[in-house]
Amino acid sequence: MRCVTVCFILIALFSTAANSETVVLFDAGNTRPMPSGLQINPPNYQQSFQLPDFPQHFDPLPVRSLALTPGPVQARVIDRPGLDRPVFIIGYDELSLNWLRHNLEQLKRHRATGIVVNVDNPDQLRRLRQAADGLEVNPVPGDFIAKQLDLTHYPVLISQHRIEQ
């Protein structure tokens, strides 16, 4: 008898859930409705699939970010709730290297991830990674980040709620 009662409850729950409206848990303000009549065509498994030829050694260097230069950054409040770990932005220049050395323990404590927005060659990147002492540091063009966060200078630390130097 219990089994029958549990089955009826589950059926009632699933039928109610299937007919209810969508509940939005979080909306960042960029949500757009999906087009109606969306059709997904199943893949044709008869055709052969080949990956494009990639170079054996991918070298993203040099990385240049025209919108970002070394310089002072005014601390300010931001709201980036999806940013789980702090991110620091540096380049291969004296200001960035000094800033990295001075803030290294704090960056390690918060497990920050580094983005190098201006670096010319592998040797410079290696030196930055050595100075970061185990923190993840990757070369990434920073112009998009600069536009999104209204930045013009680095080094900078970006967290969920603050941008600061």
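In this predicted model, helix α4 contributes four residues to the lining of the largest pocket, the largest share of any element. Here a pocket is an open set of points on a 1 Å grid over the protein atoms alone, where a 1.4 Å probe fits and protein lies on both sides within 12 Å along at least five of seven lines, and lining residues have an atom within 4 Å of a point. The lining is formed by Arg80, Leu83, Val87, Ile89, Ile115, Phe144, Ile145, Gln148, Leu149 and Ile158, and the elements that give two or more residues to it are β3 (87-91) and α4 (143-149). By class, eight of these residues are nonpolar, one is polar and one is charged.

Residues are numbered from 1 along each chain as its sequence is written. Because the model is predicted, local features need pLDDT of at least 70 and side-chain atom pairs count only at pLDDT 80 or more, while totals for chains, interfaces and linings use all residues, and side-chain values use heavy atoms, with hydrogens and water left out.

Strand β3 also belongs to an open sheet of six strands, ordered β2-β8-β7-β3-β4-β5 with mixed pairing, where two strands pair if DSSP finds at least two bridges between them. The edge strands, β2 (76-77) and β5 (137-139), each pair on one side only. Three bridges join β3 to β7 (residues 156-158) in an antiparallel arrangement, and within this pair phenylalanine 88 stands opposite leucine 157.

Helix α2 (residues 94-109) lies across β3 and β7 and runs at about 160° to β3, the angle being taken from 0 to 180 degrees between N-to-C directions of axes fitted to C-alpha atoms, for helices over the stretch in contact, with contact meaning heavy atoms within 4.5 Å.

Technical notes. Ala, Val, Leu, Ile, Met, Phe, Trp, Tyr, Cys and Pro count as nonpolar, Asp, Glu, Lys and Arg as charged, and the others, Gly among them, as polar.
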